[in-house]
Amino acid sequence: PRQPAKTLWYDRPRYIYLEFCVEDSKDVKVVIEDQRVVFSCKNADGVEFYNEINLYARVNSKDSQDKRSPRSITCFVRKWKEKVAWPRITKENIKPAWLSVDFDNWRDWEGDEEVERAMVEQYAEV
């Protein structure tokens, strides 16, 4: 049986960040399309995870990426319209139980573009 992975998200001027919290993931698949993100993987115990998110607004799938770490898979999803805040990540005005705002990374945008650029470049180098 599949189950959704716990997912955190936060909004920045140029990107939406999604973190799928699965430790020791394998068989990771991330598909970033213009209107949705599909994620699947298995954990060390063979449990299958699957998430599908119909996005609030259009994104630039060609300029988006993901990065796997031992604890999670993080996606940097490039917004089609930069500097437009997203009030939520889902197209529908419902909040699945597995989806939460990442308040540790949520900030006001004031002067945030340099910080964001540095974060994306740091991840891209690894």
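Trainee: Which residue stands opposite N60 in β8?

Mentor: Strands here are DSSP runs of E with at least two residues, numbered from the N terminus, and two of them pair if DSSP finds at least two bridges between them. In this predicted model, N60 stands opposite R78 in β8. The strands concerned, β7 and β8, pair in the antiparallel sense over six bridges, and a hairpin of four residues joins β7 to β8. Residues are numbered from 1 along each chain as its sequence is written. Local features need pLDDT of at least 70, side-chain atom pairs count only at pLDDT 80 or more, and totals for chains, interfaces and linings use all residues, while side-chain values use heavy atoms, with hydrogens and water left out.

Trainee: In what order do the strands of the sheet lie?

Mentor: Five strands form an open sheet in the order β7-β8-β3-β2-β9, with mixed pairing. Because β7 and β9 stand at the edges with a single partner strand each, one side of each is left without a neighbour in the sheet. Neighbouring strands are turned by 20 degrees against each other on average, direction ignored, where axes are lines fitted to C-alpha atoms, for helices over the stretch in contact, and angles run from 0 to 180 degrees between N-to-C directions. Within the sheet, β3 is joined to β8 by six bridges in an antiparallel run, with L18 opposite C75. Strand β2 (residues 6-11) is also antiparallel to β3 (residues 15-21), again over six bridges, and W9 has L18 as its bridge partner in β3.

Trainee: How many residues of β8 are buried?

Mentor: In a regular strand the side chains alternate between the two faces of the sheet. A residue is buried under 20% relative accessible area, exposed over 50% and partly exposed in between, using a 1.4 Å probe and protein chains only. By that rule, seven of the seven residues of β8 are buried: I73, C75, V77 and K79 on one side, and T74, F76 and R78 on the other.

Trainee: What does V77 contact, leaving aside its neighbours within four places in sequence?

Mentor: Contact means heavy atoms within 4.5 Å. V77, which counts as buried because its relative accessibility is 1%, is in contact with R14, Y15, I16, L18, I32, V37, V59 and S64. The C-alpha atoms of V77 and V59 are 6.8 Å apart, although 18 residues separate the two along the chain. K79 is buried as well, at 2% relative accessible area, and its side chain reaches the backbone oxygen of R12 at 2.7 Å.

Trainee: How many aromatic pairs does the structure hold?

Mentor: A pair of aromatic rings is described by the distance of the centres and the angle of the planes. Rings of Phe, Tyr and Trp (its six-membered ring) pair if their centres lie within 6.5 Å, and planes under 30 degrees apart count as stacked, over 60 as edge-to-face and the rest as tilted. The structure holds five such pairs. The rings of Y10 and Y17 are stacked, because their centres are 4.7 Å apart and their planes stand at 10 degrees. Y56 and W86 form a tilted pair, 5.8 Å centre to centre with 55 degrees between the planes, and in this pair Y56 is partly exposed at 31% relative accessibility, whereas W86 is buried at 4%.

Terms used:
A polar contact is a pair of N or O atoms within 3.5 Å; within protein, one must be able to donate a hydrogen and the other to accept it, and residues adjacent in sequence count only if both atoms are side-chain atoms.
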